Amino acid sequence: MRIEQLEYLAAVTEHGSLRRASEKLHLSQPALSEALTKLERELRVTLLDRRRSGAQISREGRELLPYMSEVLAAVDRLRVAAGDRRDETRPVRVGTVHAATSTLLVPALAAFARHHDGSRVEVLTLPQPQIDEGLAAGTLDLGLVDALEGDDAPAGVEATVLLHGRPVVVLPAAHPLGTRAQVGVEELRRERFVTMRTGSVMHRFVHRLFGADVPVAAHTTDTAEVAKALVAEGVGVTVLPDYSVHGDPLHRAGVVEVRPIAGDDTVLALQVRERRTAQQRLSVHELRAALVARAAEHRAAVTAARPAS
């Protein structure tokens, strides 16, 4: 019996079928089926009901799940404990798409540093798919990503919403569209555009917003920070989550401005993601707590700044 066989069965249970589990595990369906067949032979029970409509966990499999879960939890604790002994000085590694860097990430890192002189944090700018892959593989400890309504974290990764926000148009100071209270889609379509790279949440949103007629891309980038810098230089305009712009030095200095998108009611979420595990290193847990605390402070400040109705 191998640990991954138990993990495979847990995935079939979580995702409801052999096909969906194979997709989430990035494993071919025949390979997954063969691994579980070997486990069935070893345990001498039928773990899967294999039908023409697909394979699902059997009654015998469900009865054994609590015991398998105990084994997997114990293995997870062992891995974490071994990792803590081996990597006591290893930095906390955070992958970010550079969302809410000034609003949330930098203040949270500063608060963490004040109470953890001996702990180091390594921040990596990565596309969102690579962040999720790094979390699942254990090469990243935390990830900061944007999400659209209905987006789910991949298998083995947990997500906590830190902030909700709206997509906004980011303009250079004194841009003609800055005279508008809102910017319409057709007005935006005529502008040179700084777009996010394929695979990012904002790339998906822009294509949803404009349909087949997307504005001419002046530049493409992986990060909100580069997009804002290009807008500030007058290269083009862009669309970003409001929490990625408010509080940014370029926004505070009046170098860039933001305007709502007329007729759009999309809600975005900034999430902190982490690998689903029985135990985290203390430094990882406390940096996550610093991010959550800073998000709460930001929400309270935004609420206090709203005019009374």
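Predicted model: local features only at pLDDT ≥ 70, side-chain atom pairs only at ≥ 80, totals over all residues.
Next I looked up helix H9, residues 224-232, which lies across E7, E10 and E11. H9 runs at about 140° to E10.

Then I turned to the sheet under these helices' entries. I found an open sheet of 3 strands in the order E10-E7-E11, with antiparallel pairing. Which strands stand at the edges? I have E10 (238-241) and E11 (256-260) there; each has a single partner strand, so one side of each is left without a neighbour in the sheet. From one strand to the next, the twist averages 40°.

For the pairing itself, I checked E7, residues 167-172, against E11: the two pair in the antiparallel sense over 5 bridges. I also wrote down one facing pair, with proline 172 opposite valine 256 in E11.

**The five-stranded sheet**

I moved on to the other open sheet, where 5 strands come in the order E4-E3-E5-E12-E6 and the pairing is mixed. Its edge strands are E4 (121-125) and E6 (157-165), each of which pairs on one side only. I noted an average twist of 25° from one strand to the next.

E3 and E4 pair in the parallel sense over 5 bridges. Valine 92 has valine 121 in E4 as its bridge partner.

What packs on this sheet? I found H8 again, touching E5 and E12, and its direction makes about 5° with that of E5. Helix H5, residues 101-115, lies across E3, E4, E5 (142-148), E6 and E12 (268-275). H5 runs at about 165° to E4.

**Cores**

I looked up the largest nonpolar core, which has 58 residues. Which of its residues touch the most other members? My list reads Leu104, Leu162, Leu188, Val239 and Leu291. H8 gives the most to this core, with 6 residues. Apart from it lies another core, of 18 residues, including Ala21, Ile57, Met68 and Leu72.

I followed up on leucine 104. Leaving aside neighbours within four places in sequence, leucine 104 is in contact with Leu162, Leu163, Leu270, Leu291, Arg294 and Ala295. Two of those names, Leu162 and Leu291, are also on my list of residues that touch the most other core members.

**Largest pocket**

How much space lies in the largest pocket? I have about 1,100 Å³. Its lining has 33 residues, and the closest to its centre are Glu14, Leu25, Ala155, Gly156 and Arg276. I listed the elements that give two or more residues to the lining: helix H1 (3-15), helix H2 (18-25), helix H4 (59-86) and helix H6 (128-137). H1 gives the most, with 9 residues.

**Single residues**

I checked serine 33, which is found in helix H3, residues 29-43. Is serine 33 buried or exposed? Its relative accessibility is 17%, so serine 33 counts as buried, the cut-off being under 20%. Beyond four places in sequence, I found serine 33 in contact with Leu18 and Arg50.

Most residues other than glycine have a negative phi. Arginine 44 is not a glycine, yet its phi is positive, about 65°. I placed arginine 44 in the loop between H3 and strand E1 (48-51). Arginine 44 counts as exposed because its relative accessibility is 78%, and the cut-off is over 50%.

Alanine 174 is the other entry, with a positive phi near 70°. I found alanine 174 in the loop between E7 and helix H7 (185-189). Alanine 174 is exposed too, with a relative accessible area of 75%.

**Whole chain**

Last, I wrote down the chain totals. The protein chain has 11 helices and 12 strands. Its C-alpha trace spans about 75 × 50 × 40 Å along the principal axes. Of the 309 residues, 43% are buried. I also took the contacts with a separation of 6 or more: residues 24 or more positions apart account for 75% of them.

Technical notes
Residues numbered from 1 in each chain as written. Heavy atoms only, no water. Pairing = 2+ DSSP bridges. Helix = DSSP H or I, 4+ residues; strand = E, 2+ residues; numbered from the N terminus. Axes fitted to C-alpha atoms, helices over the stretch in contact; angles between N-to-C directions. Contact = heavy atoms within 4.5 Å. Core = buried A, V, L, I, M, F, W, Y, C linked by side-chain atoms within 4.5 Å. Buried < 20%, exposed > 50% of the residue type's maximum accessible area, 1.4 Å probe, protein only. 1 Å grid on protein atoms, 1.4 Å probe; cavity = no way out; pocket = protein on both sides within 12 Å on 5 of 7 lines; lining within 4 Å. Points joined across faces, edges and corners; volume = space filled by probe spheres on them.
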